[in-house]
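Biologist: Can you put the model up? I'd like to go through a few spots with you.

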Amino acid sequence: MGLRELNIDLTKEHLTLWTETKKFLSETWRPAAMELDQMADPADVIAEGSVLWDVLRKTYELEYHTMAIPEEFGGMEMDPLGGALLSELMGWAAPGLAVSWGVCTTPYAYAAYSPAPELQDLVKKFCADKEAKYTGCWAITEPDHGSDWIMFDGDDSGNPDVAAQVRAVLDGDHYVINGQKSAWVSNGTFASHAALWVCMDPSKGMDAGGIAVVPLDLPGISRGKPLNKLGQRALNQGEIFFDNVRIPKYMMVADTPDMYKFFSNAQLGLANAWMGSVFTGCAQAALEESLNYAQTRIQGGKPIINHQNIKLKIFDMFASIEAARSLSRRVGVYNANQLKQMLPPAVHYSMASKVLATETAFRVASQGIQIFGGYGLSKEYLIEKLFRDARAAMIEDGVNETLAIDAAERLSKGRNV
Ligand SMILES: Cc1cc2nc3c(=O)[nH]c(=O)nc-3n(C[C@H](O)[C@H](O)[C@H](O)COP(=O)(O)OP(=O)(O)OC[C@H]3O[C@@H](n4cnc5c(N)ncnc54)[C@H](O)[C@@H]3O)c2cc1C
């Protein structure tokens with residue numbers, strides 16, 4: 001289930017990719033995510049000997065981390081539909097690990113845009129890595145600036161009150177960085193590199209942003225302890241602190257307002273499209289678990305699938321997932337193609353996909369719990385974890401309401417991005 005016949009444009013290569021990836025993710029990601037989810041202390045998720053490292057190593061060995069990187073750097077440069085299919089499968093297997101794996105690529109994807117030989121070399125090392133030594137994070141959110149960052153392209157973007165706290169000041173041929181990113185930075189506790197969003201001139205608010213690719217072992221960088229949270233517990237998160245950190249100028253890959261807006265829209269467009277695919281996959285997992293359970297659980301002398309109320313729920317779950325799948329695949333393909341040509345993505349479509357898919361995943365997982373009855377609340381069944389994973393997604397990569405407002409503003413201005 002999941003690879004719909006309705007997608008008539010799938011090639012033989014897509015079918016092989018789907019089958020092989022599903023097998024790998026079922027055998028490695030899904031069981032590891034369940035084990036990591038049960039760890040009471042999130043510090044254990046990243047402790048030496050944790051299954052997280054086995055999963056990352058195996059995933060890097062198969063080169064999935066290079067999926068979106070151009071071939072000239074040694075990347076797979078997968079076709080956009082293949083990328084959307086893989087993201088769906090990753091969300092089906094383990095939404096938290098999918099997010100962790102996704103942000104691993106972020107700083108290297110930005111480095112690939114830079115003409116600086118040092119950054120180009122970094123991308124090649126990332127692609128050649130088979131041991132998950134080069135990992136990444138997207139460090140944007142700050143303790144006092146969450147949705148502000150998401151609204152970077154709105155009417156209020158120039159307001160000094162929304163200026164970010166992490167500052168980069170030019171000093172000769174270096175930038176000096178000070179400030180703190182919040183505990184919500186995914187992989188923030190262990191990533192070797194960050195795609196770091198900074199403010200270069202507080203008097204200009206969000207309009208004076210910059211994006212740097214920063215190695216996280218530089219003097220002056222320290223980290224917080226892993227965040228303890230509801231859902232996606234395999235995804236380790238934590239603060240990053242910058243105290244007079246000096247980076248060479250070339251590491252600031254977006255240093256003009258135009259570049260900053262282009263790359264920030266690209267990031268939001270790709271990340272939201274990707275979330276749409278991942279949480280379509282998560283919703284699919286909830287449907288499969290529920291259907292299997294309904295076919296085996298006997299009440300009233302027959303499997304509960306034979307009761308009308310269960311059938312109606314299963315159909316409603318199926319129909320809403322297929323709607324999310326249709327949108328998320330189309331948006332994923334369209335926006336990935338746009339960026340391949342260095343054209344701005346249709347961000348409002350990505351936002352629609354993210355909001356629809358995450359709301360669907362949450363509603364479907366909740367319906368699933370209802371189908372499981374009391375057992376749905378027990379940690380023994382995957383449906384309970386999927387419900388928590390889906391809940392976190394309604395805030396991740398932008399609170400759904402904030403994204404909806406931002407998308408509506410873009411629509412009302414007749415904008416394409
Ligand atoms: C699982 C998970 C993973 C994440 N991963 C990352 C990551 O990798 N990197 C990273 O940097 N961050 C990450 N985040 C942070 C995430 O992007 C922020 O949590 C999100 O943008 C919201 O910010 P906030 O939590 O500060 O909420 P706030 O911005 O404080 O919002 C609180 C409430 O106020 C509303 N609100 C705020 N401003 C407005 C406005 N202008 N108009 C209307 N309503 C508004 C919001 O909709 C929300 O309901 C992650 C979060 C989660 C949950």
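Biologist: Is methionine 342 buried, partly exposed or exposed?
Modeller: Methionine 342 is partly exposed, with a relative accessible area of 41%. Buried means under 20%, exposed over 50%, and partly exposed in between (1.4 Å probe, protein chains only). This is a predicted model: local features need pLDDT of at least 70, side-chain atom pairs count only at pLDDT 80 or more, and totals for chains, interfaces and linings use all residues. Residues are numbered from 1 along each chain as its sequence is written, and side-chain values use heavy atoms, with hydrogens and water left out.

Biologist: What about its phi?
Modeller: Methionine 342 has a positive phi of about 60°, although it is not a glycine.

Biologist: And asparagine 187, buried or exposed?
Modeller: Asparagine 187 is buried, at a relative accessible area of 0%. Its phi is positive too, about 70°, and it is not a glycine.

Biologist: New topic, the ligand. Which domains give residues to the shell around it?
Modeller: Domain 2 (136-257) and domain 3 (259-412) both do, so the ligand lies between them. Those bounds come from an automatic or database domain assignment.

Biologist: What does threonine 141 do there?
Modeller: A polar side-chain atom of threonine 141 lies 2.6 Å from a nitrogen atom of the ligand. A polar contact is a pair of N or O atoms within 3.5 Å; within protein, one must be able to donate a hydrogen and the other to accept it, and residues adjacent in sequence count only if both atoms are side-chain atoms.

Biologist: And tryptophan 138?
Modeller: A backbone N or O atom of tryptophan 138 lies 2.7 Å from a ligand nitrogen atom.
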